[in-house]
Structure formats: C-alpha cells, structure tokens
Amino acid sequence: MDLFSPLLDALPAVLTFPNLLAMVGGVLVGIVVGSLPGLTATMSIAVLLPLTFTMDPLVALGMMAGIYNGAMYGGAIPAILLRIPGTPAAIVTTFDGYPLAQQGRAGYALQIALLSSAFGGMMSAIAMMVLAPPLSLVTLAFGPPEVFWVGIFGMAAVAVFLGEDLPKGMLSALIGLFIGMVGLDPVMSTDRFTFGQLELESGIDIVVLMVGLYAIPPCLEMAEDTARAVGARIRLDFQPFLKTMREIPRYFRIWSWAYFYGIFVGLLPGASGSFVSFLAYERAKRMSKDPESFGKGNPEGIAASEFGNNADNAAALIPTVTLGIPGSSVAAVIMGGLLVHGLQPGPDLFRNSADIIYGFMIQMFLTSLILIPLGGSFATNLFAQVLRIPRPLLIPLIICLSIVGAYCVQNSLFDVWLMFGFGLLGYVMSKTGLPLAPVALGVILGPLIESNLRLSLLLDVRNEHILFTRPICMVLIALLVLTTVLPPVWKHIRARRARQA
C-alpha cells in the first residue's frame with residue numbers, strides 16, 4: 001500500500017493559512033487549558049465542538065489536534081510547579097517534577113517535559129500514519145454481524161478499562177445505551193422514550209451530550225473549591241534551551257520503552273494515557289542505575305511519564321478512525337467531531353475523505369512539533385502565570401460558552417436545558433465514581449449496534465446463526481470474553497496474594 005502519496009496529497013491543504021492558524025491557536029488554548037487543574041482536553045474540545053460547525057472540517061480537526069497535544073503538555077506545568085496534575089495523565093509527572101521544582105530547577109523540569117511531550121506526540125502521529133490505513137482495509141471484511149460484535153466489544157472494553165470496577169463501567173455503558181435509544185425506532189419509526197416531546201424524536205444530539213457531560217461537572221467541582229489559594233508568583237529559572245536539547249540522547253532508551261507502551265496501550269479501546277505513564281515510569285525506574293533517586297527529582301522520571309502519555313495521543317485515535325471505537329475519552333469527543341462534520345469512521349473515511357483523514361494525521365504531527373517553539377521558556381513562563389487566575393472567573397466563562405454551543409446545534413432552548421440535565425448527570429456520576437466515557441460511547445455506538453443486529457437477523461434467513469458462526473465473529477466473541485473476564489480474575493488473584501503477604 002502506498003503510504004506517502006495520500007500524505008503528500010493532503011499536505012498542501014494542511015499548510016494553508018487558516019489551517020496553520022487553527023493549529024497554532026489550538027496548541028495555545030490547549031496549553032492554557034491543560035495548565036489549569038480541573039480543566040481537561042476532553043472538556044475544552046467538547047466546548048469547542050459547536051463552534052466548529054461553520055468551519056472547514058480540516059480546520060476544525062486541526063484546532064482539535066492542537067488542543068489535544070497542547071493540553072497534554074500543559075498538564076505538566078501545574079504538576080511540576082504545584083504538585084497538582086493539570087490532566088489525569090500528568091499524575092506521574094508530579095513524582096519527580098515537583099521535587100525538582102523545590103530544588104530550584106523548575107525551568108529545567110519543564111523543558112524536559114516539553115521535549116518529551118513534543119517528541120512523544122510526533123512519534124505517536126507517525127505510528128498512526130503507518131498503522132491506521134492498513135487496519136482500515138481489514139475492516140472491509142466486516143459485515144453487519146462483525147460490526148455488531150465490534151460495537152459490543154468496544155462498549156465492553158471501554159467499560160472495563162475506564163472504570164474503577166467492572167459493574168460501574170457496565171452501568172455507565174447501559175446509561176449511554178438507554179440515552180442512545182431515545183427518539184424514533186430506526187426500523188419501525190415508532191417513538192421511544194420521547195414523552196411526547198417533538199424535540200426528542202430525532203434523538204439526543206451528540207454535541208449537547210458531550211458539552212453537558214464534560215463541561216458542566218468541572219465547573220460545579222471548581223465552584224465547590226473556590227476558596228483554594230491561588231499559586232503565588234513563580235520563578236522558573238530556565239537554563240539555555242540548546243543545553244537541554246543536547247541532553248536528549250540520554251533519554252533515548254527511556255523514550256523507546258515509553259513509546260512501545262504508548263502505542264500498545266493506545267490501540268486498546270478504553271486504556272488511557274495515565275496508565276501508560278505509570279508503565280513507562282516503572283520501566284524507567286527499573287532500568288536506572290540509581291532507582292532510589294526516583295521520586296526525589298530524577299528528570300528521567302519526567303521524561304518517561306511525559307513521553308508515555310503523549311505517545312498515547314494519536315495511537316488512541318487509530319481504533320477511532322478505523323473501527324469507530326474511541327481509545328480514550330478525548331478520542332470519543334474527537335469522534336463526535338468527525339460525525340458532526342459528516343465523516344463516518346471506517347474504510348469509507350480513508351476512501352472518500354482521504355485528504356481530510358490523512359491531513360488530520362499530519363496535523364497531529366505538526367501540532368506536536370509546534371509545541372517546541374510555543375512551549376519554550378517565554379511562553380511556559382507566561383502560561384505558568386495562568387495558574388494565578390481566580391477560578392471563580394473561569395466558571396461563568398465556561399458555562400456561557402457551553403450555553404452558546406448547545407443553543408447553536410438547533411437554535412433551541414430545549415437543547416440548553418437538556419445540556420444542563422446531562423451536566424447534572426455527569427456531576428452525579430463523577431461523585432459516585434461512574435466513568436463518563438462509556439455513556440458517550442453508548443450514545444455513539446448504540447444506534448450502530450442496534451441497526452447491525454437487526455440487519456444481521458434479517459440476513460439470517462436460513463437460520464445459520466451468522467452472529468456466532470462467522471470466523472471474525474468468533475474471534476471478536478473470544479476477545480469480548482477475555483476482556484470482561486480476565487480483569488476481574490486478575491484483580492481477585494492480586495487481592496488474594498496481598499492478603500497472604
């Protein structure tokens with residue numbers, strides 16, 4: 001398969017002024033959002049999504065790519081300066097970043113985090129360019145029965161890996177499937193759970209759901225904690241950037257393992273960057289000649305954590321664009337963005353919209369590259385001061401943007417109230433430990449699962465049980481069983497060993 005021709009064909013569109021402006025703006029917004037504890041890339045993309053309706057799809061995707069990569073680095077800023085991870089994936093960065101900052105080397109720690117994030121993101125984008133096109137061709141062998149099992153497998157995998165425990169993940173997935181059933185029946189066109197409301201007959205709009213679930217709960221949580229002291233003015237004390245660049249070969253071995261973990265975990269639906277960070281950090285500690293220094297300010301710990309969680313960025317999008325199964329919560333929101341712009345994940349995306357999907361891969365690479373100049377000494381010093389913005393000022397700003405976004409979907413106040421309803425649902429779920437991503441995935445995959453199940457049953461006129469007897473279906477069923485059974489069994493074994501120890 002010719003890999004380079006589609007990339008070269010897409011490159012001129014990516015290098016147009018609107019696209020470059022969108023990528024740069026996205027990276028800046030992402031760094032700012034990521035540096036604010038409590039605000040995530042998922043939330044910022046969800047808020048941005050309605051504002052992209054009138055944009056060219058490639059411009060909108062470029063902005064999302066910039067926010068995604070920018071926020072993943074931005075999360076390291078408060079992690080290093082305040083020991084508060086800006087994003088969940090930056091938790092491991094606090095282990096050695098904050099001790100380095102206490103030693104007066106905060107600037108050096110941020111430079112290591114910046115370089116590791118940028119190179120991790122670029123390598124992840126290259127993996128996406130290499131792996132996604134052939135994987136999309138494999139999906140051509142998929143008919144309705146196979147698509148049905150892929151949807152079920154994706155729901156189960158996300159529910160298992162994103163939740164703290166299997167029952168909570170499954171419950172979230174069921175909530176999402178229920179919301180996805182609201183509206184007209186796809187076959188019989190009868191009302192389902194509309195309660196006589198005409199606005200619900202076309203179903204729940206994915207944008208309204210995303211904005212409500214991911215933008216409102218962080219605002220409510222910030223409102224609970226408005227009295228928290230804002231960080232004092234921070235001195236970073238950067239060393240010359242070229243001097244830090246010359247140290248890069250020192251981290252090659254650590255980055256290699258972090259890259260392997262990032263790509264492998266990214267391909268698993270539901271596994272997140274924070275998981276990769278822990279794996280990469282543990283490997284770096286075992287390989288180190290001075291493992292006792294980890295947790296006390298070893299820059300290798302920062303390099304492993306940041307490279308790992310950024311290597312997961314584009315890799316998590318591979319199952320999203322090829323199979324329609326998001327690899328992370330951010331990928332679920334980006335998939336919503338694809339659907340909003342009429343882009344259906346799968347082989348048709350690579351065949352009918354090749355310039356857009358290959359352009360998006362290039363954008364993921366370029367936005368990681370842009371991180372280096374935009375996140376340099378001056379910019380990082382500036383963004384670090386964002387931490388001093390009083391949180392009460394952010395809450396009305398985010399809520400206003402969310403209202404505008406929800407209203408713009410259909411120019412309907414009903415959608416605004418619906419968005420607030422989903423916001424309260426997301427807040428309650430967060431407080432009770434229920435993961436949000438399976439809900440979004442249930443709404444996205446629910447109609448797909450239902451329609452393919454019904455189509456499979458209609459095709460099975462000879463009663464051959466095609467849902468269970470086709471080879472790919474049998475493989476998917478085996479994977480489904482392994483995914484849902486192994487984690488609880490492994491958890492039980494570890495608990496028993498812990499009790500015996």
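This is a predicted model: local features need pLDDT of at least 70, side-chain atom pairs count only at pLDDT 80 or more; totals for chains, interfaces and linings use all residues.
Biologist: What makes up the protein, in helices and strands?

Modeller: There are 24 helices and 2 strands. Of the 501 residues, 56% count as buried. Among contacts between residues at least 6 apart in sequence, 79% join residues at least 24 apart.

Biologist: Why is Ser124 called buried?

Modeller: Buried means under 20% relative accessible area. Ser124 has 0% relative accessibility, so Ser124 counts as buried. Ser124 is placed in helix H7, residues 106-138. Beyond its neighbours within four places in sequence, Ser124 is in contact with several residues, among them Tyr259, Ile263 and Asn310.

Biologist: Which residues have the most contacts inside the largest nonpolar core?

Modeller: They are Tyr68, Met128 and Phe360, in a core of 133 residues. H7 gives the largest share of this core, 14 residues. Leaving aside neighbours within four places in sequence, Met128 is in contact with residues including Phe360, Met361 and Leu317. In soluble globular proteins, nonpolar side chains tend to be buried together.

Biologist: Why are H1 and H18 called roughly perpendicular?

Modeller: Angles of 65 to 115 degrees count as roughly perpendicular. Helix H1 (residues 4-14) and helix H18 (residues 354-374) pack at about 70 degrees, with their axes 8 Å apart. The pair is therefore roughly perpendicular.

Biologist: Which residues of H1 and H18 make that contact?

Modeller: On H1 they are Pro6, Leu7, Ala10, Leu11 and Val14, and on H18 they are Asp355, Tyr358, Gly359, Ile362, Gln363 and Leu366. These divide into 8 nonpolar, 2 polar and 1 charged.

Biologist: What makes H18 mostly covered, and how does its reach stand against the expected one?

Modeller: Of the 21 residues of H18, 16 are buried. From first C-alpha to last, H18 reaches 29 Å, which is close to the 30 Å expected at 1.5 Å a residue.

Biologist: What makes H16 mostly covered?

Modeller: In H16, 9 of the 12 residues are buried. Val330, Ile334 and Leu338 are among them. Helix H16 (residues 329-340) reaches 17 Å from its first C-alpha to its last, close to the 16 Å expected. Just after H16, Gly342 takes a positive phi of about 75 degrees.

Biologist: Why is Lys168 called partly exposed?

Modeller: Partly exposed covers what lies between buried, under 20%, and exposed, over 50%. Lys168 has a relative accessible area of 26%, so Lys168 is partly exposed. Lys168 lies in helix H9, residues 166-181.

Biologist: How far apart are Lys168 and Gly433, in sequence and in space?

Modeller: They are 265 residues apart in sequence and 7.5 Å apart in space, C-alpha to C-alpha. Leaving aside neighbours within four places in sequence, Lys168 is in contact with Thr432, Gly433, Leu434 and Pro435.

Biologist: What is the phi of Phe193, and what is the phi of Phe195?

Modeller: Phi is near 55 degrees in Phe193 and near 50 degrees in Phe195. Each value is positive in a residue other than glycine. Most residues other than glycine have a negative phi. Phe193 lies in the loop between strand E2 (191-192) and helix H10 (206-224), and Phe195 is found in the loop between E2 and H10.

Biologist: How do you know whether Phe193 and Phe195 are buried, partly exposed or exposed?

Modeller: Exposed means over 50% relative accessible area. Phe195 is at 71% and so counts as exposed. Phe193 has a relative accessible area of 38%, so Phe193 is partly exposed.

Conventions: Residues are numbered from 1 along each chain as its sequence is written. Side-chain values use heavy atoms; hydrogens and water are left out. Axes are lines fitted to C-alpha atoms, for helices over the stretch in contact, and angles run from 0 to 180 degrees between N-to-C directions. Helices (H or I, at least four residues) and strands (E, at least two) are DSSP runs, numbered from the N terminus. Angles under 35 degrees count as roughly parallel, over 145 as roughly antiparallel, 65 to 115 as roughly perpendicular and the rest as oblique. Contact means heavy atoms within 4.5 Å. Ala, Val, Leu, Ile, Met, Phe, Trp, Tyr, Cys and Pro count as nonpolar, Asp, Glu, Lys and Arg as charged, and the others, Gly among them, as polar. Buried means under 20% relative accessible area, exposed over 50%, partly exposed in between (1.4 Å probe, protein chains only). A nonpolar core is a set of buried Ala, Val, Leu, Ile, Met, Phe, Trp, Tyr and Cys residues joined through side-chain atoms within 4.5 Å. The expected span of a helix is 1.5 Å times one less than its number of residues.
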